[in-house]
Amino acid sequence: MRFSFPLMALGLEVAMIVLFGLFAEYETSWYDYQPNTTQITESERFFQLYPLFQDVHVMIFVGFGFLMTFLKKYGFSGVGINLFVAALGLQWGIIIQGILHSHGEKIQIGIKNIINADFSTATVLISFGAVLGKTSPIQMLIMTILEIAAFAGNEYLVGEIFQATDIGASMTIHTFGAYFGLAVAGILYRSGLRKGHRNEESTYYSDMFAMIGTIFLWIFWPSFNSAIAEPGEEQNRAIVNTYFSLAACVLTAFALSSLVTHGGKLNMVHIQNATLAGGVAVGTCADMDISPYVAMIIGSIAGVVSVLGYKFLTPCFAAKLRIHDTCGVHNLHGLPGVIGGLASIVAIVMGKSKKSTIAMQAAALGSSIGTAIVGGILTGPSRERI
Amino acid sequence: MRFSFPLMALGLEVAMIVLFGLFAEYETSWYDYQPNTTQITESERFFQLYPLFQDVHVMIFVGFGFLMTFLKKYGFSGVGINLFVAALGLQWGIIIQGILHSHGEKIQIGIKNIINADFSTATVLISFGAVLGKTSPIQMLIMTILEIAAFAGNEYLVGEIFQATDIGASMTIHTFGAYFGLAVAGILYRSGLRKGHRNEESTYYSDMFAMIGTIFLWIFWPSFNSAIAEPGEEQNRAIVNTYFSLAACVLTAFALSSLVTHGGKLNMVHIQNATLAGGVAVGTCADMDISPYVAMIIGSIAGVVSVLGYKFLTPCFAAKLRIHDTCGVHNLHGLPGVIGGLASIVAIVMGKSKKSTIAMQAAALGSSIGTAIVGGILTGPSRERI
Amino acid sequence: MRFSFPLMALGLEVAMIVLFGLFAEYETSWYDYQPNTTQITESERFFQLYPLFQDVHVMIFVGFGFLMTFLKKYGFSGVGINLFVAALGLQWGIIIQGILHSHGEKIQIGIKNIINADFSTATVLISFGAVLGKTSPIQMLIMTILEIAAFAGNEYLVGEIFQATDIGASMTIHTFGAYFGLAVAGILYRSGLRKGHRNEESTYYSDMFAMIGTIFLWIFWPSFNSAIAEPGEEQNRAIVNTYFSLAACVLTAFALSSLVTHGGKLNMVHIQNATLAGGVAVGTCADMDISPYVAMIIGSIAGVVSVLGYKFLTPCFAAKLRIHDTCGVHNLHGLPGVIGGLASIVAIVMGKSKKSTIAMQAAALGSSIGTAIVGGILTGPSRERI
């Protein structure tokens with residue numbers, strides 16, 4: 001028992017090295033690099049995307065990491081385990097996504113893979129928010145491996161089979177990660193909860209550290225929603241729409257927080273989380289020609305729904321469904337992700353995008369929720385046994 | 001009263017959505033995007049500027065936000081209200097700047113607008129520093145709307161009518177924001193001060209959080225001063241000059257802080273603020289051909305003046321003028337902004353720039369101070385009534 | 001005595017201004033800027049590198065700064081003196097590197113110089129980690145001047161005379177900075193240690209602040225190792241290799257930390273530091289065609305060695321060699337830098353790079369260690385006298 005975690009971590013790293021040795025190589029299009037061509041070269045595209053990658057990287061390691069430091073006794077766990085999970089997840093994400101997409105060829109590793117690898121870790125980090133304080137490092141390690149495999153499978157289904165569109169991954173990352181985490185939290189309910197309750201408080205300073213996470217997530221969300229968009233107007237729109245959706249969301253989240261909090265005060269949990277719901281909700285249709293004001297409407301709705309979720313739904317989940325959602329990921333990622341999927345259906349009905357159909361978007365949303373819940377339920381017990 | 005803030009915030013967001021629906025659309029030059037042209041395309045320029053935008057974005061939300069967390073009881077207010085004010089301000093800034101500059105056409109929203117929208121929020125955040133601890137969220141909301149309107153008017157006057165040059169906005173943002181805030185602080189003196197005094201202390205950890213703000217502002221200031229400069233050598237110079245001005249400023253600020261502090265120690269308030277004065281002071285002539293050593297001279301002077309301001313001027317303002325400047329914005333933004341304006345006049349006299357004339361630069365400086373003071377005085381009482 | 005620090009700081013800033021006035025000018029290739037050329041122009045290259053520069057800038061000022069805040073009483077010193085040292089060091093680095101490389105011409109200041117200036121400050125900041133809590137600001141000021149001169153001399157020897165390759169500066173920055181700091185710490189042992197011991201504790205919150213430094217260093221290390229690489233595939237590889245080396249290093253560092261810590265727990269010092277060793281160790285061969293899995297092997301080894309160094313070597317250094325290494329820079333920078341140098345020799349043996357020879361790489365490693373130790377010993381006593 002004493003050596004389970006270190007040996008598993010070392011064993012997994014050895015396995016990753018073997019997998020990379022067998023299946024991965026540098027992107028070879030670099031060898032065709034022509035310094036004098038008139039088109040945008042691979043090299044230039046690399047440098048266009050590299051800052052967006054670094055923004056996403058900050059979101060994953062600073063944003064998610066510090067957002068989870070709000071509990072007074074789990075600050076170091078929050079940011080430390082976040083680092084561990086993401087470092088493991090990105091290696092595994094490259095392999096599992098690469099194998100699904102490379103059709104038997106070697107995986108060509110370039111800027112797009114490492115962006116997607118960072119994305120795939122986000123699902124686990126979202127689920128981690130639901131189970132924070134209830135799990136050991138070894139349980140997180142197992143969850144990372146299983147959840148990223150399930151995520152990659154669902155993403156392949158959504159993108160390649162359904163040919164649905166989900167540029168900011170509202171459904172495939174946010175909704176998926178939230179419902180996976182909720183399913184695991186439901187399984188873990190009996191054993192871990194009472195202990196979790198005792199430490200379920202924040203302090204003044206732990207709340208300040210959490211705001212570091214909030215603010216960096218808020219700032220760089222436009223890069224998250226646009227990093228893998230088509231260059232040109234679509235990528236531009238993804239940035240602009242996310243910028244405005246987030247700004248609108250802040251106003252409605254502050255307003256609703258004051259409305260539902262005793263004495264009209266602001267609730268720190270709402271400010272830390274619901275202000276970000278606009279980034280999630282605009283994700284699926286971020287690159288569509290929806291107009292900035294529609295992005296603001298989506299963000300406004302997400303801010304309202306997210307605060308109401310924290311106020312009314314999370315306590316209800318804990319009491320009635322016996323699902324204890326530590327960070328309230330259902331309100332920040334689950335519901336806003338569903339809003340994102342529904343918004344894309346409305347946008348397609350209104351003729352704002354021809355990239356997908358109503359049926360395929362609905363299938364993508366259903367698949368993301370369904371795979372997540374089944375995956376989470378199957379993952380939960382395996383973590384109990386250790 | 002209990003519902004004033006949430007209803008005003010929701011009402012303003014609805015108003016913003018209506019204004020964006022009526023007046024804003026995506027930048028349409030994207031539709032002419034030609035992947036094979038030999039010139040730098042709009043798409044490439046977008047990606048050149050996007051990292052600079054994100055740097056400015058970090059300054060606004062992390063930099064200004066955490067810089068204001070130094071008071072032991074206002075940490076959460078500092079970073080939280082900062083987020084709210086900036087999220088509202090950027091939407092309103094787009095509209096008001098767009099209407100002034102678009103000559104009746106629809107506002108074309110691209111990378112330049114969102115950079116300028118972030119800039120326009122900076123004025124309010126600077127003024128917020130003067131009144132921190134003395135205002136309610138609803139007062140900040142009103143100040144945001146009024147100050148950004150006044151800012152946009154003055155900026156139009158300076159840029160379009162006077163045709164003055166102020167690339168890093170030393171006059172139009174920093175000086176303007178500082179004097180606007182001071183005027184409001186003067187109006188608010190009677191009611192708010194005694195309460196403010198009791199909590200006017202920092203703690204070890206609140207000072208550390210404030211350093212997060214300081215350091216991120218310091219790092220990304222070259223992006224602030226160069227984001228809207230002409231591409232090529234001017235933008236390059238704006239970056240290089242700001243980099244050196246800030247470095248020089250750190251040395252003189254540390255030296256002066258040790259000189260004027262009991263026992264030769266360093267004063268945390270000086271380190272948190274005066275080290276940034278070089279970024280403000282070099283702003284107006286950042287893109288001029290002034291030579292790096294002149295940028296260092298400007299930064300050195302700013303560091304000295306800023307520390308002396310904190311030591312001697314701020315207490316004097318509070319005692320004699322009955323203006324209580326919580327964060328000392330007069331020393332970080334007010335005086336260094338004036339130095340910036342004066343430096344541009346010297347640079348023009350020395351033949352370093354033909355972009356403007358002495359008279360127009362002087363008019364710009366005068367207009368920025370005058371509009372700010374009048375605007376602040378008119379805004380102050382309206383905030384009292386609520 | 002009371003005025004030594006401020007007068008020296010002011011005097012040095014005046015000296016820097018004079019040196020810049022005499023020797024520095026803006027990069028003039030900008031005057032040849034042709035907007036219609038088909039090649040990547042200087043302007044485009046500037047914007048490709050500027051985000052990487054800003055990443056390095058964040059590492060220097062936020063990363064190194066906050067990493068040194070883990071001691072309960074030196075948080076403000078850590079981040080404050082870090083700012084002072086880096087602001088002085090970057091000005092001096094420009095001059096000393098410029099004089100060595102410009103062959104009597106004026107120093108042309110562009111993006112590459114300011115990246116290299118930031119790099120040169122890293123050596124002093126690494127050494128600062130070894131002497132943290134044992135030195136006054138004035139001692140740091142002298143060390144900055146002397147160490148950067150020694151660094152620039154060694155770097156010239158390694159790069160120009162030996163023509164060795166060290167793209168991520170594992171040897172010339174990390175190993176050099178660590179051994180320079182250790183030599184100084186050895187000289188300072190008698191006087192400073194007992195006092196240092198009393199305050200040599202971290203608190204919950206000081207450890208959280210240090211994690212801010214860790215995470216930002218971890219995130220942006222790919223930019224550090226690639227910023228001055230050849231554009232195209234080499235720069236791409238430097239990014240990809242560093243990304244994977246760091247990820248692998250996190251797993252082995254967590255595993256070893258749990259293995260060597262009582263009760264299988266994680267040790268915060270290991271997590272804060274050893275997780276970064278992979279970035280150091282992969283530096284020298286980051287741009288070589290070594291394959292991603294080899295980068296992961298290098299990172300894995302670095303994580304193991306670094307934790308073992310903290311556990312066994314640092315206490316031994318303090319007890320036997322009378323060298324007290326406050327932050328354990330030998331384990332984060334010294335040993336991993338040596339691993340980096342050795343890895344480059346293995347890579348050359350395996351035919352992965354023709355940029356250098358075994359002998360020249362060995363000479364570079366020896367020169368970096370030797371110059372550092374001699375320089376540190378010569379610097380140490382001069383700091384005692386003040």
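Is Arg237(C) buried or exposed? With a relative accessibility of 9%, Arg237(C) counts as buried, because buried means under 20% relative accessible area. Keep in mind that this is a predicted model.

## A pair along helix α9, in chains C and A

Let's stay with Arg237(C) for a moment. Its side chain meets that of Glu233(C) in a salt bridge, at 3.2 Å from N to O. Both residues sit in helix α9 of chain C, which covers residues 233-260. They are four residues apart there, or about one turn of the helix. Glu233(C) is partly exposed, at 25% relative accessibility, whereas Arg237(C) is buried.

Now look at chain A. Arg237(A) and Glu233(A) form a salt bridge too, with the closest N and O atoms 3.1 Å apart. Arg237(A) is buried, having a relative accessible area of 7%, while Glu233(A) comes out as partly exposed at 24%.

## Other salt bridges

How many salt bridges does a search of the whole structure find? Over all chains, there are 12. Side chains of opposite charge can pair when their charged atoms come close.

One pair in chain A reaches between two loops. Lys72(A) and Glu201(A) meet through their side chains in a salt bridge of 3.3 Å, N to O. Lys72(A) is in the loop between α2 (42-67) and α3 (75-101), and Glu201(A) is in the loop between α7 (189-198) and α8 (204-226), so the bridge ties together parts of chain A that are 129 residues apart in sequence. Lys72(A) is partly exposed, with a relative accessible area of 27%, and Glu201(A) is partly exposed as well, at 45%. Chain A also has a network of salt bridges that links Glu234(A), Asp287(A) and Lys355(A).

## Two helices packed in chain B

Over in chain B, helix α9 (residues 233-260) packs against helix α12 (residues 292-320). The angle is about 35 degrees and the axes are 7 Å apart. As for handedness, α9(B) and α12(B) cross in a right-handed way.

Which residues meet here? From α9(B) the contact includes Phe244(B), Ala248(B), Cys249(B), Thr252(B) and Leu256(B). On the α12(B) side, among them are Met296(B), Ile298(B), Gly299(B), Gly303(B), Val307(B) and Lys311(B). By class, the contact of α9(B) with α12(B) has 13 nonpolar, seven polar and one charged residues.

## Ile358 in chain C

Back in chain C, Ile358(C) belongs to helix α14, residues 358-384. Ile358(C) is partly exposed, at 41% relative accessibility. Setting aside neighbours within four places in sequence, Ile358(C) is in contact with Ile345(C), Ile348(C) and Val349(C). As for Glu27(C), 331 residues away along the chain, its C-alpha atom is separated from that of Ile358(C) by 36 Å.

## How chains A and B are related

Two copies of a chain are related by a rotation about an axis and a shift along it.

What about the surfaces through which the copies meet? Only 12% of the interface residues of chain A are also interface residues in chain B, so the copies meet through different surfaces.

Conventions: Residues numbered from 1 in each chain as written. Chains lettered and ligands numbered in written order. Predicted model: local features only at pLDDT ≥ 70, side-chain atom pairs only at ≥ 80, totals over all residues. Heavy atoms only, no water. Axes fitted to C-alpha atoms, helices over the stretch in contact; angles between N-to-C directions. Left-handed = near helix turned anticlockwise from the far one by under 90°. Contact = heavy atoms within 4.5 Å. Nonpolar A, V, L, I, M, F, W, Y, C, P; charged D, E, K, R; others polar. Salt bridge = Lys/Arg side-chain N within 4 Å of Asp/Glu carboxyl O. Buried < 20%, exposed > 50% of the residue type's maximum accessible area, 1.4 Å probe, protein only.
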